[in-house]
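These notes are for a colleague who is opening the model below.

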Amino acid sequence: MTEQANNEKAAKRERTRQMHNLHLLDALSVGRHGMPTLEAEEVLPTRLRSFTTCPRCTDQGAGVHFFLDDYRFEAVWRDPMRYVSMLERFGCVLTPDYSVYIDMPEPIQRYNAYRGRAVGKLWQDAGLIVVPTLTWGEPNTYDWCFEGLPKNATVALSTVGLMKDKGGVDLFRAGANEAMKRLEPSIVLAYGKQCDFDARGAYVVWYESDMNKRFNDLKEKRKRER
């Protein structure tokens, strides 16, 4: 093989590595299932702010959340380091919440959990205060979806999209209970409609979802206008 052919082959391989962020992730420590490991943080933001609002403001009291449709923050995976300078204007950032839907094949579930964890670790290594977002599917996901997450630390979770039927409530409560048992967090940042679960002594703070806040603000405005 000629030198030119070798160079072309190496360039193609490097493009593939960059597509999967392997050029950034090689140095990350990982657990038994390959999940990057996060360091413990203890932080309590006064509010949670959507990632999509961050380019327009600075808010040191806020934590940045990704409880959004995946397409709204897919760019974070393509170039995670691009957003460090923006996110450092906030008090903390939650790891990206790539979906782990129960109707997804397990390899995709694992990949999405991995992506959120890996981006969070890269940001943590860059100096950001990073809070792990807990994500899970059915009980078969528990062995890997909580791997690499710190114990006795602040964690985050969300009920968005799960409270419409009993199946969603049961799925949330079972996974949250399992996470509390395995991780024994000190603080839980809970986003969305409240749903009881066994926090095992953790301090749980519920934050109103953006959509619900807009709905309630609109109701209040209409009341004042009557």
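How many cavities of 30 Å³ or more does the count come to? The count comes to one. The model is predicted, with local features needing pLDDT of at least 70 and side-chain atom pairs counting only at pLDDT 80 or more, while totals for chains, interfaces and linings use all residues. Residues are numbered from 1 along each chain as its sequence is written, and side-chain values use heavy atoms, with hydrogens and water left out.

1. The largest cavity has a volume of about 60 Å³. A cavity is a set of points on a 1 Å grid over the protein atoms alone where a 1.4 Å probe fits but cannot get out, and lining residues have an atom within 4 Å of a point. A volume is the space filled by probe spheres set on the points, which are joined across faces, edges and corners. Among the residues that line the largest cavity are Thr95, Pro96, Asp97, Tyr98 and Arg117. By class, its lining has three nonpolar, five polar and two charged residues. Here Ala, Val, Leu, Ile, Met, Phe, Trp, Tyr, Cys and Pro count as nonpolar, Asp, Glu, Lys and Arg as charged, and the others, including Gly, as polar.

2. The largest pocket holds about 1,200 Å³ of space; a pocket is an open set with protein on both sides within 12 Å along at least five of seven lines. Its lining has 40 residues, and Ser158, Thr159, Val160, Gly161 and Leu162 are the closest to its centre. Two or more lining residues come from each of α7 (166–183), β7 (203–207) and α8 (210–225). Of the elements, α8 gives the most, with five residues. The lining divides into 18 nonpolar, 13 polar and nine charged residues.

3. Helix α7. Helices (H or I, at least four residues) and strands (E, at least two) are DSSP runs, numbered from the N terminus. The 18 residues of α7 should span 26 Å at 1.5 Å a residue, and its end C-alpha atoms are 25 Å apart, which agrees. The expected span is 1.5 Å times one less than the number of residues. Buried residues (under 20% relative accessible area, 1.4 Å probe, protein chains only) of α7 include Gly168, Phe172 and Met180. The buried residues of α7 pack against α6 (142–145), β5 (154–158), β6 (187–191) and β7, with contact meaning heavy atoms within 4.5 Å.

4. The sheet. Four strands form an open, parallel sheet in the order β1-β2-β3-β4; strands pair if DSSP finds at least two bridges between them. β1 (47–50) and β4 (130–131) stand at the edges with a single partner strand each, so one side of each has no neighbour in the sheet. Four bridges join β1 to β2 (residues 59–65), and Arg47 has Ala62 in β2 as its bridge partner.

Terms used: Buried means under 20% relative accessible area, exposed over 50%, partly exposed in between (1.4 Å probe, protein chains only).
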